[in-house]
Amino acid sequence: MLFGFQPVHAKVEGIASGPNTGVDSNFSQSERLEEEAAIHPQDSEVLQRLASAYAAEGDLVSAKRTIDRALTLYPNDNDLKMANANILLWQGQLNQARIQADQVAKNYSDYPGLSELRITLKRAQDSRSVRMIGAAVNAGVSDVSFPQRSGQTWTTQVVSASFRLSDRGSLTTTVDMEQRQQSDTRLAAEYGHRLENGFVSIGIAATPNADFRENWSIKAAGQINLSRSLSIIADGKLADYATNTVVALVAGVEYRPAPDLFFTARTINLFGGGESYRFGGALRGDYRPDGKAGFFLLAAEYPDTETDGTRQLRSFAGGVLVPLGKGWTFRLTGEHDRRQNSYRRRAINAGLSWRFGGS
């Protein structure tokens with residue numbers, strides 16, 4: 001199958017009040033300010049107020065993106081740096097908040113609110129403990145047909161939870177259950193670590209008494225951001241099946257021509273599985289507007305391994321993502337897979353996810 005505190009004072013208007021989930025549902029200040037920002041896209045004051053509105057509504061992801069946009073235009077503005085430090089604090093990114101506060105102090109050691117910010121940062125660091133930052137549930141049903149035998153209906157259920165381990169590190173655990181004529185339950189854990197210009201991760205997975213999935217696998221991945229619009233991505237996976245062991249290496253690029261648009265191209269290289277080498281690739285496009293519905297489209301052809309061996313799989317997928325507010329997102333996707341000399345699968349999947357501090 002296919003390889004998602006307490007605030008302190010700041011000079012920015014509204015930022016000092018911090019995130020608040022008790023916003024009147026009949027009135028959205030952020031929507032009004034989004035229109036104003038569209039008319040005046042380089043007005044730092046408007047962008048500050050928009051970030052403040054997002055933070056007040058509890059949408060820290062959009063608040064951070066808005067401040068980043070303003071800092072790109074005005075990188076030496078201490079007001080924006082201080083607002084950024086507070087948002088990073090509320091997101092739990094304490095080291096990044098501290099670095100931003102230090103940059104403010106270099107230019108203005110007595111900046112209003114700076115000492116309070118540093119006190120709060122120290123308290124947050126002293127009291128930091130492991131906590132949940134996200135969760136997701138997904139369910140899917142597939143209509144599967146075979147060349148010379150009757151079709152089947154397959155179902156999947158996936159449950160995952162993410163935990164913050166440190167300012168830069170997080171752990172995601174997943175239970176992935178799939179029912180065919182037999183049933184497999186795959187257990188996985190992945191540790192992710194943020195870098196200054198990207199991330200790295202390492203994961204392990206196991207399927208007790210596997211019928212069609214891998215017995216176990218080890219995976220490593222990473223992304224390096226070369227600029228605001230371009231990143232290189234790579235991952236490698238070693239997987240053991242009942243009939244063979246394979247190594248998959250993936251390399252690609254992600255291009256972001258606009259804040260809401262993402263285009264990804266990957267090459268997929270498989271070693272083992274009955275042949276010395278097989279090649280595949282995938283193309284994906286995402287539209288992810290802040291706080292609004294988005295969608296993705298994907299086309300791929302790559303070597304896919306199950307217990308019956310490795311075969312080329314051609315896949316097309318698309319879906320919509322609908323933010324529900326307060327960190328909740330609904331996803332609906334459709335897939336069409338054709339596995340060479342094996343089966344054809346048409347699937348629909350629905351999921352609900354929650355992430356702390358975002359939409």
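A charge sits over a ring if NZ of Lys or CZ of Arg is within 6 Å of the ring centre and within 35 degrees of the ring normal. Arg131 does this here: it lies over the face of Phe356, at 4.6 Å from the ring centre. Arg180 is placed over the face of Phe212 in turn, at 4.1 Å from that ring's centre.

Before going on, keep in mind that this is a predicted model, where local features need pLDDT of at least 70, side-chain atom pairs count only at pLDDT 80 or more, and totals for chains, interfaces and linings use all residues. Residues are numbered from 1 along each chain as its sequence is written, and side-chain values use heavy atoms, with hydrogens and water left out.

Now to the rings that meet other rings. Phe, Tyr and Trp (its six-membered ring) pair if their centres lie within 6.5 Å; planes under 30 degrees apart count as stacked, over 60 as edge-to-face and the rest as tilted. Searching the whole structure this way turns up six aromatic pairs. One of them is Trp154 with Tyr343: the ring centres are 5.1 Å apart and the planes stand at 75 degrees, so this pair is edge-to-face. It ties together distant parts of the chain, as Trp154 belongs to strand S2 (residues 152-164) and Tyr343 to strand S14 (residues 343-355), 189 residues apart. Strands here are DSSP runs of E, at least two residues, numbered from the N terminus.

Tyr287 and Phe295 make another pair, with centres 5.8 Å apart and planes at 50 degrees, so they count as tilted. Tyr287 is partly exposed at 31%, and Phe295 is partly exposed at 41%.

Two strands pair if DSSP finds at least two bridges between them. S7 (residues 230-240) and S8 (residues 245-258) are antiparallel, paired over eleven bridges, and they make a hairpin with four residues between them. Within this pairing, Leu238 has Val247 in S8 as its bridge partner. S8 then runs antiparallel to S9 (residues 261-272), joined to it by eleven bridges. That makes a hairpin too, with two residues between the strands, and here Tyr255 stands opposite Phe263 in S9.

Methods. Buried < 20%, exposed > 50% of the residue type's maximum accessible area, 1.4 Å probe, protein only.
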